[in-house]
Amino acid sequence: MHPIIIFSKMDFSQSNLFGYIEDLQELTIIERPVRRSLKTPEEIERLTVDEELSDIERAVYLLSSGQDIQGTSVVANLPVLMRQNPAETLRRVLPKIREVLHVAGVEMQLTAAVSFLTVLQEELMSIHTYSHSFLHIILQNLEHRDAGVSNAWLETLLAVIEALPKETVRHEILNPLVSKAQLSQTLQSRLLSCKIMGKLANKFEARIIKRDILPLVKSLCQDAEYEVRTCMCRQLEHIAQGIGAELTKTVVLPELVELARDEGSSVRLAAFETLVNLLDMFDADDRSQTVLPLVKSFCEKAFKADEAILVSLSFHLGKLCNGLYGIFTPEQHLRFFEFYKKLSTLGLQQENGQNDNQVQVQTLEQENKYILVRKNCAYNFPVLDALIGNLPEILELMTNGGESCGSENKLLSIPDLITALTTAEQRAATSLKWRTHEKLLQKYACLPHIISSDQIYYRFLHRMLTIILTNNVLPVQKAAARTLCVYLRYNPKQEQRHEVIQKLIEQLGQGKSYWNRLRFLDTCEFIMELFSKSFFCKYFFLPVLELTHDPVANVRMKLCYLLPKVKSTLRIPTDKHLLQQLELCIRKLLCQEKDKDVLTIVKRTVLELDRMEISVDAFLKRFYENDLLDQEKERQEYLLLEMEQLEKEKQQNEGRSTNINNKISEKKRRDSKTSSVLAKRITLSVPGSSSAASAGKEDKKSKLVRSQSFSTQALHPKYNTLDKCPNISSATGYTCSVSGMGKNCMLSFTDDSFRTHSGGNSGNTAFPSSSSCNLYNSADQKSSGNKEIQTRKVNLLLWVKMETSGIICSSQ
């Protein structure tokens with residue numbers, strides 16, 4: 001069957017014809033390598049090996065008459081041959097490999113270096129046999145003309161030096177090294193000598209290094225080629241570790257100082273990095289008299305030198321500052337800090353209103369180095385643990401800029417702060433460092449002082465609840481639970497608080513997993529620590545007692561340990577009904593508990609509760625009066641409620657004033673239309689009735705204004721409880737003691753909203769008279785009402801800020 005060709009679909013125009021030709025050429029190009037890869041019968045015959053040959057015989061045959069690819073395969077298979085038949089491999093195969101390597105290509109050389117190292121690491125023979133059979137082959141190929149091959153054999157030799165005995169290293173490597181390090185030798189030979197001496201310094205004792213190696217080190221540090229000086233400078237770190245601190249001070253440090261002033265930038269860079277790595281070996285005198293001036297010189301000349309030094313300096317600056325920390329003067333501290341600031345903005349500075357790019361066009365390579373410098377500065381900014389430990393202070397300074405500002409302006413300067421904080425927490429959660437995650441969650445408790453409550457509610461609070469429910473690490477769960485309680489503590493919106501409380505009770509306290517119910521008890525402990533006793537009794541007392549019927553013994557056991565703290569939140573006789581519920585639950589535990597361990601703890605808890613009842617009953621009044629800390633917590637909770645109420649009143653006043661303004665405009669429009677009719681009626685009216693009507697109208701206006709003023713300044717029903725607190729009373733003076741400072745300060749409230757408006761004088765002072773009020777003066781009413789509410793809100797904010805900052809207030 002022949003293919004059917006439809007000519008009607010083919011276009012043989014000139015343009016398409018060239019396209020067809022190009023396609024055919026591409027097919028030809030694709031096909032050529034396939035044809036070249038095919039082997040001729042003669043080649044196949046040479047590649048064919050008798051299947052009856054043993055592995056050793058086949059290896060010898062391929063190394064003798066085979067091609068390079070077959071020889072490379074034999075060399076790669078050397079460790080397998082050593083495991084199967086080590087004696088025959090050493091006797092017959094290894095000599096053939098030695099002969100082939102003289103003329104072998106790069107691929108076989110690299111394969112041999114790896115195979116030799118594998119034989120050493122797998123310990124397929126004794127080290128004595130290895131040094132006798134393999135060491136000479138390694139040394140012969142060490143100076144291969146290809147740099148990659150030479151480095152591969154060098155890595156194998158350095159690994160062999162660690163395993164060889166000292167005498168073998170001394171006779172086979174150290175003694176020939178003396179001649180290899182001379183100036184008469186090639187550059188490659190001297191570079192190899194530098195790297196080998198760095199390894200030998202850790203092999204011999206200090207006296208042999210001082211006698212045999214240090215003279216070679218000094219000679220190579222003063223070599224005519226900068227590549228040799230650079231290489232030897234980087235090996236001084238290993239040599240210093242081998243000879244000890246005393247010889248390092250007298251021999252290595254002077255060489256480093258001289259190399260740090262070398263004319264070659266790569267030599268100076270190597271000297272600087274070696275100096276930083278050896279800071280721990282220098283005493284205080286060396287660091288202050290030798291190292292510090294050298295580092296200052298580096299910093300001063302860094303911007304004029306090669307950008308590579310700037311990159312290295314920015315990367316090692318943190319380690320350098322830590323190593324020199326004890327010898328810095330305040331002036332030097334400031335100088336290094338300014339230098340760090342300059343590095344962190346390298347490439348971004350603006351001078352005289354012009355960017356650096358406008359003064360001098362930066363190349364792409366230079367810009368990339370500047371980016372790397374700024375990245376290194378960001379890397380050196382913290383140690384991670386130190387950053388997390390000081391996170392509250394850092395966030396406070398970042399958001400406030402060193403100055404106090406309103407909460408609505410805090411995030412304007414750093415718009416990505418919340419995103420960065422959430423990303424940091426997520427990365428810590430996905431890492432294996434659960435201690436870092438725990439510490440981060442603990443420090444996030446500072447966020448109520450940094451960002452608004454709504455931002456915390458929507459971005460962080462629910463995340464904490466998710467961590468409690470899903471995380472498997474107990475310390476992380478507890479840290480999230482306590483931080484969640486802090487967020488709940490400073491949330492001023494009652495609706496959001498009730499939602500969170502409900503979720504805690506339903507998802508934790510009534511959760512299906514006993515692990516969640518255990519975390520609910522942990523959360524309740526934090527609630528008792530952070531909130532007032534009345535708050536805990538109102539929301540959490542009964543849900544906690546419900547866990548006495550929990551089917552899991554561990555939950556009941558943990559609850560029994562918690563019962564004394566639970567009982568300490570009660571106030572007699574106010575919470576008498578809760579005390580009865582507690583006693584009923586304890587009786588049920590005593591009568592119905594079947595687990596022996598839980599029953600034992602219940603009996604101990606009953607004894608402790610009995611002692612608590614005796615002490616509380618005997619000193620109930622004094623206990624209540626001295627419980628000032630709980631009163632402070634309760635008062636702060638009421639202040640948050642008052643702030644929420646003031647915000648609602650403000651919104652209501654704004655809506656009321658808008659309605660009054662609409663009515664005023666409507667009345668003016670109607671009055672303008674009926675002005676003539678009103679004028680006639682006024683002229684025809686009786687004078688006495690006019691005065692009486694106006695008097696009655698003024699009286700109504702006065703009553704209305706007075707009622708509005710009272711409604712604006714009237715206290716919330718919760719104020720009755722606030723008046724009981726010693727800090728919120730009719731007095732205006734307060735004595736405040738600052739915790740941890742040992743000082744007293746005076747605080748004066750001038751807001752009349754906290755005073756009891758009783759008596760004629762105070763009433764006349766607080767409220768305007770009816771004769772001076774106008775019914776339609778809505779603008780004055782709006783400004784007056786908003787000002788009073790704003791003043792009260794400011795005072796409350798000030799009070800809450802003092803309470804949360806550690807200031808404990810008591811009435812004067």
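Which residues in α11 are buried? Select helix α11, residues 166-180, to find out.

**Before you start.** This is a predicted model, where local features need pLDDT of at least 70, side-chain atom pairs count only at pLDDT 80 or more, and totals for chains, interfaces and linings use all residues. Residues are numbered from 1 along each chain as its sequence is written, and side-chain values use heavy atoms, with hydrogens and water left out.

**Stop one: α11.** In this helix, V169, I173, L174 and L177 are buried. Buried means under 20% relative accessible area, exposed over 50%, and partly exposed in between (1.4 Å probe, protein chains only). Helices are DSSP runs (H or I, at least four residues), numbered from the N terminus. Now show the neighbours. The cover over the buried residues of α11 includes α10, α12 (187-200) and α13 (206-221). Next, trace the helix from end to end. Its 15 residues reach 20 Å from first C-alpha to last, close to the 21 Å expected at 1.5 Å a residue. That expected span is 1.5 Å times one less than the number of residues.

**Stop two: F116 and W153.** The whole structure holds 15 aromatic pairs. Rings of Phe, Tyr and Trp (its six-membered ring) pair if their centres lie within 6.5 Å; planes under 30 degrees apart are stacked, over 60 edge-to-face, and the rest tilted. Select F116 and W153: their ring centres are 5.5 Å apart and their planes meet at 75 degrees, so this pair is edge-to-face. The pair links distant parts of the chain, with F116 in α7 (residues 106-121) and W153 in α10 (residues 147-163), 37 residues apart. F116 is buried, at 0% relative accessibility. W153 is buried too, at 0%.

**Stop three: F535 and Y539.** This pair is tilted, at 4.9 Å centre to centre and 55 degrees between the planes. Both residues sit in α29 (residues 533-539), 4 residues apart, so about one helical turn separates them. F535 is buried at 9%, and Y539 is buried at 19%. Now widen the selection. F520, F531, F535, F536, Y539, F540 and F541 form one aromatic cluster.

**Last stop: charges over rings.** Select R519 and W515. The charged end of R519 sits over the ring of W515, 4.6 Å from its centre. The test is NZ of Lys or CZ of Arg within 6 Å of the ring centre and within 35 degrees of the ring normal. Then go to R489, which lies over the face of Y490, 5.3 Å from the ring centre.

Methods: Helix = DSSP H or I, 4+ residues; strand = E, 2+ residues; numbered from the N terminus. Contact = heavy atoms within 4.5 Å.
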